[in-house]
Amino acid sequence: MAFLSGIHTTEGLRHRNRALVLASLRALGPASHTQIAEHCGLASSTITVITSEFLAEGVIEKVQQPAASGRGRPRVLLGLRSTFGYFAFIRISSGMVEFSLMDYRRVLMDRRSFHRDPQQTSAKTFGLGLRQQLVDFIARSKLLPADIKSIMITSKGLVDPDTARLLWSPVFADEPLDFARLFRTDWPASVILLNETCLSAHQVIHRSDDMVQGARHAVLSLGDSIGLGVATLRDGGEIEMEAPAFGHLPHQFDGPLCRCGAQGCLETYAGFYGILRAAFDAPAHVIPAKFIPLDEMNKIAVAARAGDRRHIFAFRQAGQALGLSLARLFSLMGPMPVHISGPGVAFYDLLQADVEAMLDQSLQVRLGQRPQLDLLSDERALVFESAAEVVFRRYDTERVAVRRADAATGD
């Protein structure tokens with residue numbers, strides 16, 4: 001963050017204090033001068049200076065709250081000004097693209113979804129269509145491009161968060177998609193691209209009671225692809241995120257063909273297309289499909305639960321591959337809670353016994369360090385909550401907190 005590098009200077013301290021006031025207003029909602037001071041631990045005089053600056057800049061506004069008794073003068077509170085800026089969110093999933101729009105108070109203003117054409121495998125064509133969809137979506141709210149302060153994109157696949165480039169994905173393979181460049185001509189907003197399983201892990205640790213420095217949580221996403229996000233709590237409450245290419249961890253030498261072009265990746269056993277391939281004994285050198293419809297997976301699961309031996313084997317093989325890969329992860333990074341998400345949660349009962357049996361073979365579990373495993377039902381909501389948390393925290397600390405007191409309203 002911009003203010004952290006100079007935190008021991010007068011200007012750096014000012015930036016930090018401004019960020020603390022913004023964080024308090026986000027946590028409290030409209031609040032009194034006294035409530036803000038108590039929440040962020042700053043002197044009353046400091047709060048007065050900072051809130052006066054924010055009022056002049058248009059960041060916050062005065063909000064009248066009726067007296068509790070219904071009689072007497074209303075209280076004057078301070079709250080974030082909704083029109084100070086607007087924030088666009090784009091979630092790219094296997095079957096659709098979802099657009100969301102929030103104001104500066106973090107109120108959801110609009111949402112719209114588009115189904116993806118499964119035959120569309122050109123990153124360039126997809127990007128151009130995405131840009132037009134965003135233009136049309138923002139126009140629905142009668143906003144100008146300059147009103148949008150940040151565009152957050154979440155996706156599965158291998159991403160470079162520093163440059164907002166999608167480096168590899170199941171659909172586009174290694175054809176990159178540069179989102180910063182894609183939106184640069186139409187939108188002056190900052191562009192953020194993050195792996196969505198990473199964001200799930202961020203939200204899990206953000207919600208947890210395990211707020212000790214160094215605490216680490218992982219989210220394992222099961223679906224067409226296998227994703228892993230790991231979040232670690234660092235000094236000062238910062239959450240560090242990473243998304244190793246877990247689904248492409250080598251599982252078996254010279255195994256089935258993976259969408260990444262290699263053979264024997266974890267995904268070829270535990271991804272939906274890996275389970276389908278085993279259930280129907282499809283050739284190992286052929287990928288059945290880019291994406292497997294959920295209805296098709298439901299049919300395989302129904303047959304497995306009814307006792308079909310081939311379909312049972314497909315899920316057992318997937319569970320064994322997942323358990324072995326998690327054991328390897330714990331050997332390298334140490335045991336940590338693992339939260340399982342994604343559409344594959346619906347079939348976890350068919351995987352669980354074999355996942356746990358393989359974990360039982362690992363040294364950590366034999367030493368009594370069995371990791372906690374639980375299920376997350378709503379991956380979509382988890383990703384969106386985390387994306388909003390990251391966007392507003394970044395914007396507050398890296399843009400608003402470092403503004404000069406005499407800055408003009410707006411950005």
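Entry 1. Before naming any elements, I noted that helices (H or I, at least four residues) and strands (E, at least two) are DSSP runs, numbered from the N terminus. I also reminded myself that this is a predicted model.

Entry 2. I turned to the second largest pocket and found that about 760 Å³ of space lies in it. Its lining has 33 residues, and S93, S94, G95, D224 and P343 are the closest to its centre. Which elements each supply at least two residues of this lining? I found β3 (86–92) and α13 (379–400). Sorted by class, the lining holds 14 nonpolar, 10 polar and 9 charged residues.

Entry 3. Next I checked the length of helix α9, residues 294–305. With 12 residues at 1.5 Å a residue, α9 should span 16 Å, and its end C-alpha atoms are 16 Å apart, so the two agree.

Entry 4. Which residues of α9 are buried? I listed M297, I300, A301 and A304. They cover an arc of only 100° around the axis, so they sit on the same side of α9. This reminded me of a general rule: an α-helix has 3.6 residues a turn, so residues three or four places apart point the same way.

Entry 5. I then looked at what surrounds α9. Its buried residues pack against α8 (272–279) and α10 (309–333). On the face turned away from the buried side, I found the exposed residues D295, K299 and V302.

Entry 6. Last, I looked past the end of α9, which is followed by G307. The phi of G307 is positive, near 105°.

Terms used:
Residues are numbered from 1 along each chain as its sequence is written. This is a predicted model: local features need pLDDT of at least 70, side-chain atom pairs count only at pLDDT 80 or more; totals for chains, interfaces and linings use all residues. Side-chain values use heavy atoms; hydrogens and water are left out. The expected span of a helix is 1.5 Å times one less than its number of residues. Buried means under 20% relative accessible area, exposed over 50%, partly exposed in between (1.4 Å probe, protein chains only). The arc is that of the directions from the helix axis to the C-beta atoms. Contact means heavy atoms within 4.5 Å. On a 1 Å grid over the protein atoms alone, a cavity is a set of points where a 1.4 Å probe fits but cannot get out, and a pocket is an open set with protein on both sides within 12 Å along at least five of seven lines; lining residues have an atom within 4 Å of a point. Grid points are joined across faces, edges and corners, and a volume is the space filled by probe spheres set on the points. Ala, Val, Leu, Ile, Met, Phe, Trp, Tyr, Cys and Pro count as nonpolar, Asp, Glu, Lys and Arg as charged, and the others, Gly among them, as polar.
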